[in-house]
Number of protein chains: 2
Amino acid sequence: MTNSPSTRPARADAVRNRRLLLDAAADAFAEHGTEASIAEIAQRAGIAKGTVFRHFATKEDLLAAIMGQMIDDLVAMGTRLSDAEDPAAALLEFMTTGVEVLARDRAFCEVVGRPSLRDPGVRAGIDRLCEVAETLTDRARRRHAIRPDITGRDVVLLLGGVHQTAAPLLTTEPELWRRYLALVFDGIRADATRPLPHPAPDMLRFVETDPPPGA
Amino acid sequence: MTNSPSTRPARADAVRNRRLLLDAAADAFAEHGTEASIAEIAQRAGIAKGTVFRHFATKEDLLAAIMGQMIDDLVAMGTRLSDAEDPAAALLEFMTTGVEVLARDRAFCEVVGRPSLRDPGVRAGIDRLCEVAETLTDRARRRHAIRPDITGRDVVLLLGGVHQTAAPLLTTEPELWRRYLALVFDGIRADATRPLPHPAPDMLRFVETDPPPGA
DNA sequence: CAGTAACCTGACCGAGCGGTCAGGTTGGGC
DNA sequence: GCCCAACCTGACCGCTCGGTCAGGTTACTG
């Protein structure tokens, strides 16, 4: 759907509708998760159902566009934090923002928490997210602010874990995740000296490749 | 569907089919989550779709029966551990088994991780699970084996969090959760001295009551 | 201002879902 | 061995979903 430079630029109403669609879809996915229906998204955007599929061939493409944007934002924030003076504080801020985003977006939880989305852009984005997390942990590790066996991928995985811990009480106690982030971060700090039992995940890709056809 | 004592006991084929149904449903829910279809469950059990609804009025009733059983098993295990000589080891074993169960059953993750199931039996079971976890943490706390501000409800919530941390790599690294359980348990131990920021969840019920009609 | 390609619309489709029920089958009391 | 209530079966229903498309509309070009 992206116009190649040779073709005529998109019409004014098309770009406006695309904007409305993306905003409505982001809201709907955040609220209801990936199962938000196309019909509801179209209604929120004030456009017809068919128009949705004019901009995105499948629902998964639409979801991938939104998730990709969110991941890119997180990557940008991590990059910005990469040269902060206090690496441990920077890492904590990175994790805080990450869990905050998860707590506000159900679809994002599903996409990051399951190897469901096959979109290559999203997968690449998650890999870049792991890389920037690796940078942050590297710096903190070099200053002995965190235990030596924590990797960037650990940090990214822990975002989902911290959020999930508080998720059952999300509406009643929307800030409860701060409690568990603090607990986990205490576990990450250098004070704890016992080595972790299972080796860190070391594969290149964050999610499993090629999940079998079932589901 | 439970026979009151006055009525005639169930027929032999009925009890056999009920057994087949429960086993098949447990497998299907574990594999595909709560969205496993009644049609697939019936096929696995070798019975007709209509027979499923003869034993359980709705799909949710069937799910609740299986989830309730799993929770009861966990409660029983926790009770058994309540008088172990080493309370910290007992708490760790309780958490280990809990995460193990979560890692093997997708439906269980959904039911414990979201306030979705309205079944009163399941909710009561979760409350009893929190109580037994409270007993275990109490004993460990009294021996100063864990930090003083950890509650039983924290422990139960952390089960879901630890599992979720490793869940994206579940098929590739099925034992990865042990790494994060160790990390979290290090955070629970008394060594870490910073008090946790957010107060522990203190409401009586584990899950939110009366989620609005939407989804 | 006319012409056209891009765009939008909403009725429509097929698949899959939970749940129902008339009618055939069978276990077990007598 | 008879009989009937309990049980089982599978076609069927209504609904929602993602996705399609013929036909009407509209923004740009020249």
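**Entry 1: helices α4 and α7 of chain B**

The model I am reading is a predicted one. I noted the crossing of α4(B) with α7(B) as left-handed.

I then listed who makes the contact. From α4(B) I found A64(B), M67(B), G68(B), I71(B), D72(B), L74(B), V75(B), G78(B), T79(B) and L81(B). From α7(B), the residues include G121(B), V122(B), G125(B), I126(B), R128(B) and L129(B). Sorted by class, the contact of α4(B) with α7(B) has twelve nonpolar, five polar and two charged residues.

**Entry 2: helices α8 and α9 of chain B**

Next I looked up helix α8 (residues 152-166) of chain B and helix α9 (residues 177-188) of chain B. Their axes come within 8 Å and cross at roughly 135 degrees. α8(B) and α9(B) are therefore oblique to each other. I recorded the crossing of α8(B) and α9(B) as right-handed.

On the α8(B) side, the contact is made by L158(B), V162(B), H163(B), T165(B) and A166(B). On the α9(B) side, I wrote down W177(B), Y180(B), L181(B) and V184(B). The classes here are seven nonpolar, two polar and no charged residues.

**Entry 3: chain A against chain B**

How many residues of chain A are in contact with chain B? I found 40 residues of chain A in contact with 40 residues of chain B. On the side of chain A that touches chain B, α8 (152-166) and α9 (177-188) of chain A each supply at least two residues. That side of chain A has 21 nonpolar, ten polar and nine charged residues.

I also checked how the two copies are related. Chain A is superposed on chain B by a rotation of 180 degrees with 0.0 Å of shift along its axis, at an RMSD of 0.1 Å. The two copies are thus related as by a two-fold rotation axis. I noted that 100% of the interface residues of chain A are also interface residues in chain B, so the copies meet through the same surface.

**Entry 4: DNA strand C**

By class, I recorded eight nonpolar, six polar and nine charged residues near DNA strand C.

**Entry 5: DNA strand D**

I repeated the look-up for DNA strand D. There are 23 residues around DNA strand D, and the closest are A12(A), G50(A), K59(A), N17(B) and G50(B). At least two residues of the surface near DNA strand D come from each of α1, α2 (38-45) and α3 of chain A and α1 and α3 of chain B. α3(B) gives the largest share of the surface near DNA strand D, four residues. The classes near DNA strand D are eight nonpolar, six polar and nine charged.

Notes. Residues numbered from 1 in each chain as written. Chains lettered and ligands numbered in written order. Predicted model: local features only at pLDDT ≥ 70, side-chain atom pairs only at ≥ 80, totals over all residues. Contact = placed C-beta atoms within 7 Å. Nonpolar A, V, L, I, M, F, W, Y, C, P; charged D, E, K, R; others polar. Left-handed = near helix turned anticlockwise from the far one by under 90°. Least-squares fit on C-alpha atoms with pLDDT ≥ 70 in both. Near = placed C-beta within 6 Å. Axes fitted to C-alpha atoms, helices over the stretch in contact; angles between N-to-C directions. Parallel < 35°, antiparallel > 145°, perpendicular 65-115°, else oblique.
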